[in-house]
Each structure stands twice: as structure tokens, then as C-alpha cells.
Amino acid sequence: MADDDCAVGVDIGGTKMIVSFVSSEGRVIVEQETPTGSKAGPEEVIRTIVTEVARMRDRSAEKPHSVGIGVAGQVDERGVVRFAPNLGWRGVSLGPPLAGALGLPVRVINDVRASTVGEWKFGAARGEHDMVCIRIGTGVGGGIVSGNRLLIGDSNAAGELGHMTVVTGGRKCTCPNSGCLEAYVGGWAIAERAREAAEQSPAEVEGTLRRARVKVSGLDAGTLWRLASDGDPFAQRLVSETRTYLAAGLVAIANVFNPRLIVGGGGVVGSTGRLFEEALEAARPQILPSIAEGLRSTRAELGANAVAVGAAAWAHEVRRT
Ligand SMILES: [Zn+2]
């Protein structure tokens, strides 16, 4: 391997941080997990990253050409974290001080966008020129590759698939809008819809809770899916509605971006059997035929280090273009 064939990828999570050296082929050369220590403030997190990278440089024969940093939050093109609620950061300049301390170019990227690049370059969407990655966890995020380029947007925020309106005047979202896809299929929203449905039909939900041996607060996406699979009518109704809302979102995604592949990932997708695939099949007849014909779906392939590997993939990609 050439000396400069490696990039550093960092995933700054709320509690833990992953630092990886990743080759241009997606091979993880060396990887380290460490507590983020975000309570001590951004300066301390920056110091930890610098220390870890220095230690890994000493241990590895590879000399990284640049660094990619994935952060759960809004990040601008200068490497400033505008808002990262998990870290409690607002207006934190991350890229410039890290670049100075490491002596390497640093690219800061939103975590979901990073995992999109990871799937595109090294995972389920390898070789695809037009793909959309949708991650449905507590929140709903995504990333779009169009014409073999990641869509960035004017303020570095393109790809917020969770905040497309699927119901006009619908449920309040965590963003300024209401009726967003996330307000129906995000993990928090599924739990909230289950709570409300339980309040409306207490007699019906009683049997459901007894069978599941959970309280109303335990009715999350995975539990509802299992109950629905066992024939529980209350859970079946909620799962069926979730499928319909997700299908509405997928129709819009397909028609707007004309991807060949939609990659699904995140905790809700992972815990609800084939709900994601069923939603796409429900959506297909409503998608423009010329777009629907070539469209297929798959699951995200990268695991727990997807953001770190994706951030490194982004560093490789920026260097290439
Ligand atoms: Zn929203």
C-alpha cells in the first residue's frame, strides 16, 4: 500500500468516540474506541482526537493524507459545528483547530451523511452513481448521491429526508415544521403514536400490553412489530399506518432523486422485519413508472463503525475530486 493511501475517520458520538485509519479501498487498518468526554468541552475533545491520532500514527506504518470527522448535528462548510444537541455544542469550530494541531486537512461532515458516503464507497451501494440512503432510528436522516456526487446543498445540509412533509398540517415535528416523515416513522414518533392510540382505546390496548408484558411506554417500533407478527390487532394497525407513511416518503424520495438504489438503515429498519421493503413495494405503484422500473432497495452494510469509516471515505473522496 502507498504511504498516502490512508485517511483518518472519526465518529464523535455523545458518549464514545471511534478513531479509524481507513485505506482508500475501505479496509480498516487500525481502530480505537475511547470515551468522548464531551462534558469537559470541545477543547478537551479536540485534545483527545489529537492524542489518539498521534498514538495511532506511531503504531501504524501508514501516513494518513487527511482526516474526516463525523458529528451528529448541523455542520457548515468551514468545519464549524453549528448545533450538536448530543454533545451540547453550538457554534464550535472543529475543523480549523484540528487541522492546525494535526498538520492535515480536516473535513467535518454530518454523521448520517458520513454513513451515506461509507455505504456508497465501501458498503451496500458500492459502485452506484445514483443512490439515496435513509436511516430511520430515533430520528430520520439521510444522504443523497446524484450523478456520482454527494449532494451538499447551499448550507451543507442537503439530505434531511426526515423533514419532508408527508401530512399537511400533521403531527408536530422536532423541527419547525409539522407533518414531517420523522414525525410519523422516527422511533420517538412511533412510540408517541402508540401512546396516543393507547389512550384512545384503553380496552383494546390492555390485552396488547398483557401479551407483550410491557407498559405503554415500552411500545417501541420493535415491540410493535413482534406483536403485529403474532396477530395483535392494535399493533398491526400501528405497523400498517407506519408502513403507509414510510411509503409516502419513499414515493417522494424516488420521484425527486430518481435513484437506482435506496439503502435503508437505522434501529427502526433493523427491528421491524421487512417493513422497509414492504413500504417500498407499497410505494412502487405510485412512483412514476420510468423511475420505478429500475428502482431497488437494500440494507446498510456497515456496522457500528459506519460513521468513522464514512468520515474517512469522505476525506478520500474530497481528495480525489
Ligand atoms: Zn421535521
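Q: When I look at Lys-121, what does this residue count as in terms of relative accessibility?

A: At 22% relative accessibility, Lys-121 counts as partly exposed. Please keep in mind that this is a predicted model, in which local features need pLDDT of at least 70 and side-chain atom pairs count only at pLDDT 80 or more, while totals for chains, interfaces and linings use all residues. Residues are numbered from 1 along each chain as its sequence is written, and side-chain values use heavy atoms, with hydrogens and water left out.

Q: With which side chain does Lys-121 meet in a salt bridge?

A: A salt bridge here is a side-chain nitrogen of Lys or Arg within 4 Å of a carboxyl oxygen of Asp or Glu. Lys-121 meets the side chain of Glu-317 in this way, at 3.1 Å from N to O. The pair links distant parts of the chain, since Lys-121 belongs to helix α3 and Glu-317 to helix α12, 196 residues apart; helices (H or I, at least four residues) and strands (E, at least two) are DSSP runs, numbered from the N terminus. Glu-317, with a relative accessible area of 6%, is buried, whereas Lys-121 is partly exposed.

Q: Which other residue forms a salt bridge with Glu-317?

A: Glu-317 also forms a salt bridge with Arg-320, where the closest N and O atoms are 3.0 Å apart. These two residues are 3 residues apart in helix α12, which means that about one helical turn separates them. Arg-320 counts as exposed, at 54% relative accessibility. Through shared partners, the salt bridges join Lys-121, Glu-317 and Arg-320 into one network.

Q: How many salt bridges does the count come to, and which residue meets Glu-192 in one of them?

A: The count comes to 17 salt bridges. The side chain of Glu-192 meets that of Arg-171 at 2.8 Å, N to O. This pair too links distant parts of the chain, with Glu-192 in helix α5 (residues 187-200) and Arg-171 in the loop between β11 (149-150) and α4 (182-185), 21 residues apart. Glu-192 counts as partly exposed at 25% relative accessibility, while Arg-171 is buried, with a relative accessible area of 16%.

Q: How many disulfides does the structure hold?

A: A disulfide is a pair of cysteine sulfur atoms within 2.5 Å, and the structure holds 0 of them. Cys-133, for example, is in no disulfide, and the nearest cysteine sulfur, that of Cys-173, is 19 Å away. Cys-133 is buried at a relative accessible area of 0%, and Cys-173 also counts as buried, at 8% relative accessibility.

Q: How do β5 and β6 run, and how many bridges join them?

A: Two strands pair if DSSP finds at least two bridges between them. In this model β5 and β6 (residues 80-84) run antiparallel and are joined by 2 bridges, with Val-75 standing opposite Val-81 in β6. Their hairpin has 4 residues between the strands, and Gly-79 takes a positive phi near 85° there. Strand β6 is in turn joined to β7 (residues 89-93) by 4 bridges, again running antiparallel, and Val-80 stands opposite Ser-93 in β7. The hairpin of β6 and β7 has 4 residues between the strands, and Gly-88 in its turn has a positive phi of about 70°.

Q: What volume does the largest pocket have, and which element gives the most to its lining?

A: On a 1 Å grid over the protein atoms alone, a pocket is an open set of points where a 1.4 Å probe fits, with protein on both sides within 12 Å along at least five of seven lines, and lining residues have an atom within 4 Å of a point. Grid points are joined across faces, edges and corners, and the volume is the space filled by probe spheres set on the points. The largest pocket has a volume of about 1200 Å³ and is lined by 37 residues, with Ala-72, Gly-73, Asn-86, Asp-111 and Val-112 nearest its centre. Elements giving two or more residues to this lining include α3 (111-122) and α12 (306-320), and α3 gives the most, with 4 residues.

How values were computed: Buried means under 20% relative accessible area, exposed over 50%, partly exposed in between (1.4 Å probe, protein chains only).
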